[in-house]
Amino acid sequence: MDDVFSANSDVVLKINDLKTYFFLESGTVRAVDGVTLTLKRRTTLGLVGESGCGKSITAMSIMRLIKSPPGRIVNGEILLYRNGGREVVDLVALDPQGPEMRNIRGGEIAMVFQEPMTSLNPLYSVGAQIAEAIMLHQKVGKKEAMERALEMLRKVQISDPQRRLHEYPHQLSGGMRQRVMIAMALSCNPSILIADEPTTALDVTVQAQILDLMRALQSDFGSSIILITHNLGVVSQMADHVAVMYLGKIVEYSEVREIFHHPLHPYTIGLLNSVPVLGRKGKKVLVPIKGMVPTPTEAIPGCPFAPRCPQVMSLCQEEAPTLREVARGHQVACWLH
């Protein structure tokens, strides 16, 4: 076994200096501005940050779903490792509408979108929609695809799956629709599942059920998960590693326990201080992050978090820090470290 293979055998996806910009009349929106990430096999990477920081655009870039114009990937690599790392494909180099990318999208990389009601087609039954994805990627007949769709509905623990198979999205609750989206995403046994805010519009009890379901299915299917959320409680339960995004950049990356117990970047510390804790009345005061996220068209000299940072220095306003390792496995982009 050569050194290259042994180095990449546990890696399924690697993003190098990814930049996705939107060119508008009002200016250039740097939605993703130099993101570098690594996703290992059978692990969950939590991608967190405030709304508008570039989490979903990173996911859409991986899926090659950025509409051009006005959006375009202007720089970087998105490397998909196949066959245990023996084969590497740069998704950026592929035609977004070409046959190879269409096979990868849904077949090897699947996505659960943020709002299942708008992601499912209201004119088709949920069984027909799951079966269509199966027939597209696995080249099986309609009968076999419907049997596989029924099996997937059972796996995601939908009640009375035989009846639900022929129902339409409007006949299902929000939690059931989210289960259908997960069933559709996992129906072709992808190596990577991207879950974009999978529990946002759900009740707390249903959220817990969906998270338990995703953990169980990850164990069954052996998939790697990119979990996009602003809910740090979800991240603490689900993720192995956490990447904190701010204004299109990764500002901190480490194992989940390290992030929660030893956060280094002032933005990460601000996010954790903004989380309410039940049962500790009077022991913890919420400290919100001052100010608002700047617009992505705004050119900020130096560190993008400097205008809101309580520990800002003159250097922060002059030069942007790069993401560097300050402890084993712990990376941060901050002049304080």
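Keep in mind that the model is predicted.

Start with the salt bridges. The structure holds 11 of them. Take K249 and D33. Their closest N and O atoms are 3.3 Å apart. This pair links distant parts of the chain. K249 sits in strand β10, residues 249-255, and D33 in strand β2, residues 27-40. How buried or exposed is each partner? K249 is partly exposed, at 29% relative accessible area. D33 counts as buried, because its relative accessibility is 15% and the cut-off for buried is under 20%.

Next, a local pair. E151 and R148 meet through their side chains in a salt bridge, 3.5 Å from N to O. Both belong to helix α6, residues 142-155. They are 3 residues apart, so about one helical turn separates them. In an α-helix, residues three or four places apart point the same way, because there are 3.6 residues a turn. E151 counts as partly exposed, at 34% relative accessibility.

Now to R163. Which residue forms a salt bridge with R163? The partner is D160, with the closest N and O atoms 2.9 Å apart. D160 counts as partly exposed, at 39%. R163 does too, at 42%. There is also a network elsewhere: salt bridges that share partners join R82, E87, E100 and E108.

R163 has another link. Its side chain makes a polar contact of 2.8 Å with the side chain of E167. Where is E167? It lies in the loop between α7 (161-164) and α8 (174-186). E167 is buried, with a relative accessible area of 9%. Setting aside neighbours within four places in sequence, E167 contacts S125, V126 and L172.

On to helix α3, residues 99-107. Which of its residues are buried? They are M101, I104, R105 and G107. What do they pack against? The list is α2 (55-62), β4 (71-82), β6 (109-112) and α5 (126-138).

Last stop, the surface. M313, L315 and L336 form a nonpolar patch there. Together they have about 210 Å² of accessible area. L336 is found in the segment after β12, residues 330-332. L336 is partly exposed, with a relative accessible area of 35%.

Conventions: Residues numbered from 1 in each chain as written. Predicted model: local features only at pLDDT ≥ 70, side-chain atom pairs only at ≥ 80, totals over all residues. Heavy atoms only, no water. Buried < 20%, exposed > 50% of the residue type's maximum accessible area, 1.4 Å probe, protein only. Helix = DSSP H or I, 4+ residues; strand = E, 2+ residues; numbered from the N terminus. Contact = heavy atoms within 4.5 Å. Polar contact = N/O pair within 3.5 Å; in protein donor to acceptor, adjacent residues only side chain to side chain. Patch = residues over 30% accessible without salt bridge, like charges linked within 9 Å, V, L, I, M, F, W, Y side chains within 5 Å. Areas by Shrake-Rupley, 256 points an atom, 1.4 Å probe, with all protein chains shown as cover. Salt bridge = Lys/Arg side-chain N within 4 Å of Asp/Glu carboxyl O.
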